[in-house]
Amino acid sequence: MGISPVLWQFLNKWLTSSALFPKEASTIAPYADALYFFLLAMTLVGVLIVGALVFGFSLRYRKERNPEATQIEGSTLLEATWTIIPLVIFLVTFVWGALLYFRIYNPPANSMNIYIVGKQWMWKAEHPGGQHEINTLHVPTGRPVQLTMISQDVFHSYSIPEFRVKREVIPGRYSTVWFNATEPGVYHLFCTQYCGTLHSGMIGTVTALSPDDYQKWTDASTSGMSLAQNGERLFASLGCNQCHTGAAGARGPNLAGLYGKKVQMEDGSTQLANEAFLRDTILNPSSHVPAGYKPIMPTYQGQISEEGLIDLVEYLKSLKTNYRVQQTLTTATSTEAAPTTPGMVKP
Amino acid sequence: MSTIVSLPDQSTAALPKRNYLNAEHGLLSWLLTGDHKRIAMLYLISITGFFFLGGAFAGLVRLELLTPAGDLLAADTYNKMFTMHGIVMIFLFLVPSVPATLGNFLIPIMIGARDLAFPKINLLSWYLYLIGGTFTLTALVLGGVDTGWTFTTPLSTHYLNTHVITTGLAIFVAGFSSIFTGLNFIVTIHRMRAPGMTWFRMPLFVWSNYAASILMVLGTPVLAIAIVLVVLERTIGLGVFDPAKGGDPLLFQHLFWFYSHPAVYIMILPGMGVISEVMANFSRKRVFGYTAVAFSSVAIAVFGFFVWAHHMFIMGVSNYSALVFSLLTMLVAVPSAIKIFNWSATLYKGSITFETPMLYAFGFIGLFTIGGLTGVFLGSLGMDIHLTETYFIVAHFHFVMVGGMLMAFLAGIHFWWPKMTGRMYPESLSKLAAVTTFIGFILTFFPQFILGYLGMPRRYHAYPADYQVLNVLSTAGATVLGVGYLLPILYLAWSLKYGEIAGPNPWQATGLEWQLQSPPLTENFTEIPYVDYEAYDFEWLAHKQKQEVTTVG
């Protein structure tokens, strides 16, 4: 009759380490934990008060000690007290929670961007430098990292408990989350939105590396082509450069320097050219016609994978001049080597 | 321990010669009955069946989670188990539990009516419920469904080939059963109160069922719409939710939670009504601040409709709409806090006894307080990011739904069992069951709060080994909890034949139902009473009993 291994493991683990809270491994984590401890204290006090009332009255006014009940209608003053005090505590919680929410969901301007594509049942990470990972994510410590995420099929959710961040990964729409890892280490990565048969297999690890180690990792795992370079190839092979030449009077608008600008649309509205706008314009061009252009662009729905769209978006983000566009235009249509004359436009 | 139970002399006592149970005989007399009490019993039997079915699924889920690897069930099977557990427990047990059984039985009697306003529609409700239940069982037998009870699109519309349509229809039909029940209650409470039974003389049980009925009637149609759209999207490829056709997958969640958040109030409000009755009776006092408790039910019903997007804080809804929904969520927590404090204050200067219903009610107060306060964690925007979609949320809603609602349901069943059947159950055994349930519950669900904060996602078939210890604790607790739920079935069934004769008013309670014979006549009242006293007026009761003694003497 030995002690069962499960029980032994339980005792051993709980006596040696208190696994009640996950490690704090991002700059957000201490803020989240502070609110958690406040809420725990609130719960503890609430339960103690209710417990004291129920047990205290049960002992003091049980039938043996108090054979006759005294009828009491109520007390407006008391009821107002236990309406207002909880209300105030809940409002404090609301404000505190809202501040934390905005902190978690508003990335700093200088954060580095990594793309995440979720699909049944794996996580693909696309680094701007062209590193591709599946079910892992390598990030540097001490630097804000923003994840721009999209799902290829159903809802998923990207959760890193040790960083206290999580965000839904939605089909057909970019969502973002950011964190700043503080401790090098390997952390859990979970899909937390139920996504079908192998939902619980859609897990992986997030590896936070010191900046030096991260640099080593980046150098060692590059595929040789950055996302923008991939995007440039797609831009040419899909024929985008045929219209978006950048020349005045071209059929499509000039795309150089477009990212981050406000665009005047044909219907009179203005739209901000962010990642979502770029992606959506490629897929649904007829609903994003800029002022002065005709709705002649065909849709690319179903022709480009999410990774391809990311490549294109990254390419457009990096596009500052039309020099390369015109270069690709020439290489795409000629078997000759790249032209030596910069700025040459094919008629 | 002293007790308020007073039973007639067992050597001479017998069940009343005429009552609703023996008024007619034969299966058809039950299946075609219009009597609200018989329909309540039909519901009681059917929801108990579904409760144990849903419990069996939960048992398999907990067994699988005993070990980190997915080794007992295949991943698909596991997903079907938690899906069926959710669907059966929510739509076929929790939603109809208190309203359709206790509410059906008691609301007409409590307000001094002979039946509900529409007895035939009441029977139709039960048949619709059964059809919904049959569809669910059909889906199960044909191979089950693995969407999760939330039917999230596009998973449910495009990516699963299980029996989504059959289950969807089941929920659609069962929804109408609850709409009809709600409609019946609203009309009955408005139109059929006995003379003198003013709104503020009604027992709080009636108030809370009234609030829940409004939610049923206004909320359930939206669920029906959402389900129909899912079915159409699956069958004819309607593109309402499909992003590839310009649809919005988030729209489904808005529609779904517009019902399913109020639905948690549909489930909990009638349970709160039971707690008001039990707390008042076993402390021999009027509920502290009757009006505040009555209006807090209505406040919960009203605010309950404007908080649905708090299920979607991480879904990419706009940050500012998230702010509004978080604020409203904090406001809806206040009426629940008022109720808890008013129930506690009801004990003050009472003359308290601790019979089984009171023990269950104490269990409710403890567990619902924890369940409610952990809801504030989830309503707080920044905290929700880390906690949502983990075991924390599983623990939270089980504290509210199982710790709260099921405790209330059992409190109610134990309180009104002598009225419904005319017999008492063995008191010491039922107290044991109440305590077992409480301990088993805490052991099952408390570790899940910790698991959730550690980050373990819900609906996981296999999990990292570092979470095993807490999962083992939880599964062990579930075993105790299972025993706690099986006990009442055994002794309640036993009591039907061998229980002591309860007499009309074993608890010395004040409600109109307790002034009738147990079990009551089919027509409830031989003449409609005139009500000239408030609810929970124990002085009126003492006066009445004194008069009876002198008349008989």
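These exercises work through chain B of a predicted model.

**Exercise 1. Secondary structure**

Task: State how many helices and how many strands chain B has.

Solution: Chain B contains 16 helices.

**Exercise 2. Overall dimensions**

Task: Decide whether the radius of gyration of chain B agrees or disagrees with that of a compact globule.

Solution: Start with the chain length, 553 residues. A compact globule with 553 residues would have a radius of gyration near 24 Å. Chain B has 23 Å, so the value agrees.

**Exercise 3. Burial and contacts**

Task: Find what share of chain B is buried, and what share of its contacts with a separation of 6 or more joins residues 24 or more positions apart.

Solution: Of the 553 residues in chain B, 63% are buried. Take the contacts with a separation of 6 or more next. Residues 24 or more positions apart account for 85% of them.

**Exercise 4. Helix α11**

Task: Compare the span of helix α11 of chain B with its expected span, then work out its burial.

Solution: Helix α11 covers residues 356-379, 24 residues in total. From first C-alpha to last, α11(B) reaches 34 Å, close to the 34 Å expected at 1.5 Å a residue. Burial comes next. In α11(B), 24 of the 24 residues are buried, so the helix is largely enclosed by the rest of the structure.

**Exercise 5. A helix pair**

Task: Describe how α11(B) and α13(B) are oriented to each other.

Solution: Helix α13 of chain B spans residues 391-421. The axes of α11(B) and α13(B) come within 8 Å and cross at roughly 160 degrees. Angles over 145 degrees count as roughly antiparallel. Therefore α11(B) and α13(B) are roughly antiparallel to each other. Last, the handedness: α11(B) passes α13(B) in a left-handed crossing.

Notes
Residues numbered from 1 in each chain as written. Chains lettered and ligands numbered in written order. Predicted model: local features only at pLDDT ≥ 70, side-chain atom pairs only at ≥ 80, totals over all residues. Helix = DSSP H or I, 4+ residues; strand = E, 2+ residues; numbered from the N terminus. Rg over C-alpha atoms; globule rule 2.2 N^0.38 Å. Buried ≥ 20, exposed ≤ 12 C-beta atoms within 10 Å, placed from the backbone. Contact = placed C-beta atoms within 7 Å. Expected span 1.5 Å × (residues − 1). Axes fitted to C-alpha atoms, helices over the stretch in contact; angles between N-to-C directions. Parallel < 35°, antiparallel > 145°, perpendicular 65-115°, else oblique. Left-handed = near helix turned anticlockwise from the far one by under 90°.
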